[in-house]
Amino acid sequence: MNQALDPDLRRALADRIRYYNELGIYEFYRRASSNVESVAADSPATVEIEQKQEMSPRKSAVVLKPAEENIFQALTPKPEYGAADPIAALKLIREDLGDCTRCKLHQQGRKQIVFGVGNPRADLMFVGEGPGADEDMQGEPFVGRAGQLLNNMIKAMGLRREDVYIANVVKCRPPGNRTPERDECETCSPFLMRQITVIKPKVIVALGAVAAKNLLAINAPMSELRGRFYDFMPAGARSSDPSWQGAKLAVTYHPAFLLRDPRQKGEAWKDLQMVMKYLGLKPPQKSE
Ligand code: SF4
């Protein structure tokens, strides 16, 4: 029977596992007895239930480290660890996702899973909240009217859609385009974290408050979230990886919101200009 672990012991265990990870040790074996081992070897789902009980909204400014409540799930060795390149690694993550039934969105009318699209080595990644009707139909994120606007935003930055990577916090369409619920985001977002870890973008742009709050674990209004960079390291990323020390994360309005309130496009452009400056991008010449 699973037992809740003392919080101090849990923290100490998480620190120890992180220490081993930094030494390059990812594989752990299990023994039959003792509380610590039974928790370390628990199924992710079991640990997740315990994690949910301990979670509460956080209002602090910036989250720079993997959320502690995800640490056990994040530290489980993943199939993509041995992949030769990001294309193969993303394929392994997609295979691991399978015909996913991990959250209730699988039985609420989705036609297909919308995994993500774009350059597996992108410097820039956009993350929205979840697929809508067009995305559900076509199996690709941001292909409807909001997608057209996102394409225009990308073009205005001097890039093409295929230069960037685009994904969502949840990969199945919430019914009626409702906001994905917390348990759905918590269940699905580890796969997004793994995609980010493989792609290693320099900058992530969170499109809208839902994406921002899920990536940063900050509960704040858009007015407070926008206008600055956050240091972002996905839960489960190997902090000892010399090739990537995390991404800068910026927050801007979701294109669907900009379609409803075009007056905010100027504000969104300011956010994108901040990103362009960081990445050394120039807007295309008028004649292009
Ligand atoms: S939203 Fe994510 S976790 Fe939920 S069923 Fe779809 S792929 Fe699985």
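Author: Start with Asn168. Leaving aside residues up to four places away in sequence, Asn168 touches Val127, Gly128, Glu129, Gly130, Pro131, Pro141, Phe142 and Leu192. Touching, or contact, means heavy atoms within 4.5 Å. This is a predicted model: local features need pLDDT of at least 70, side-chain atom pairs count only at pLDDT 80 or more, and totals for chains, interfaces and linings use all residues. Residues are numbered from 1 along each chain as its sequence is written, and side-chain values use heavy atoms, with hydrogens and water left out.

Reader: What makes Asn168 buried or exposed?

Author: Its relative accessible area is 1%. Buried means under 20%, exposed over 50%, and partly exposed in between, with a 1.4 Å probe and protein chains only. Asn168 is therefore buried.

Reader: Which backbone nitrogens does the side chain of Asn168 reach?

Author: Those of Glu129, at 3.4 Å, and Gly130, at 3.4 Å. A polar contact is a pair of N or O atoms within 3.5 Å; within protein, one must be able to donate a hydrogen and the other to accept it, and residues adjacent in sequence count only if both atoms are side-chain atoms. Asn168 itself belongs to strand β3.

Reader: What is called a strand or a helix here?

Author: Both are DSSP runs, numbered from the N terminus: helices are H or I with at least four residues, strands are E with at least two. The protein chain has twelve helices and six strands.

Reader: Which residues of α5 are buried?

Author: Pro86, Ala89, Leu90, Ile93 and Leu97. They cover an arc of only 100° around the axis, so they sit on the same side of α5. The arc is that of the directions from the helix axis to the C-beta atoms. These buried residues pack against β3 (165-168) and α8 (182-199).

Reader: What is found at the start of α5, and what just after α5?

Author: At the start, a side-chain oxygen of Asp85 comes to within 3.0 Å of the backbone nitrogen of Ile87. Just after α5, Gly98 has a positive phi of about 60°.

Reader: Why do Lys200 and Ala217 get their accessibility labels?

Author: Lys200 has 27% relative accessibility, so Lys200 counts as partly exposed. Ala217 has 19%, so Ala217 is buried.

Reader: Why is strand β6 said to be largely enclosed?

Author: Five of the six residues of β6 (residues 247-252) are buried, so the rest of the structure largely encloses this strand.

Reader: What makes β6 a paired strand, and with which partners?

Author: Two strands pair if DSSP finds at least two bridges between them. Strand β4 (residues 203-207) and β6 have five bridges, in the parallel sense. There, Val203 stands opposite Lys248. Strand β5 (residues 230-232) and β6 have three, in the antiparallel sense. Tyr230 has Leu249 as its bridge partner in β6.
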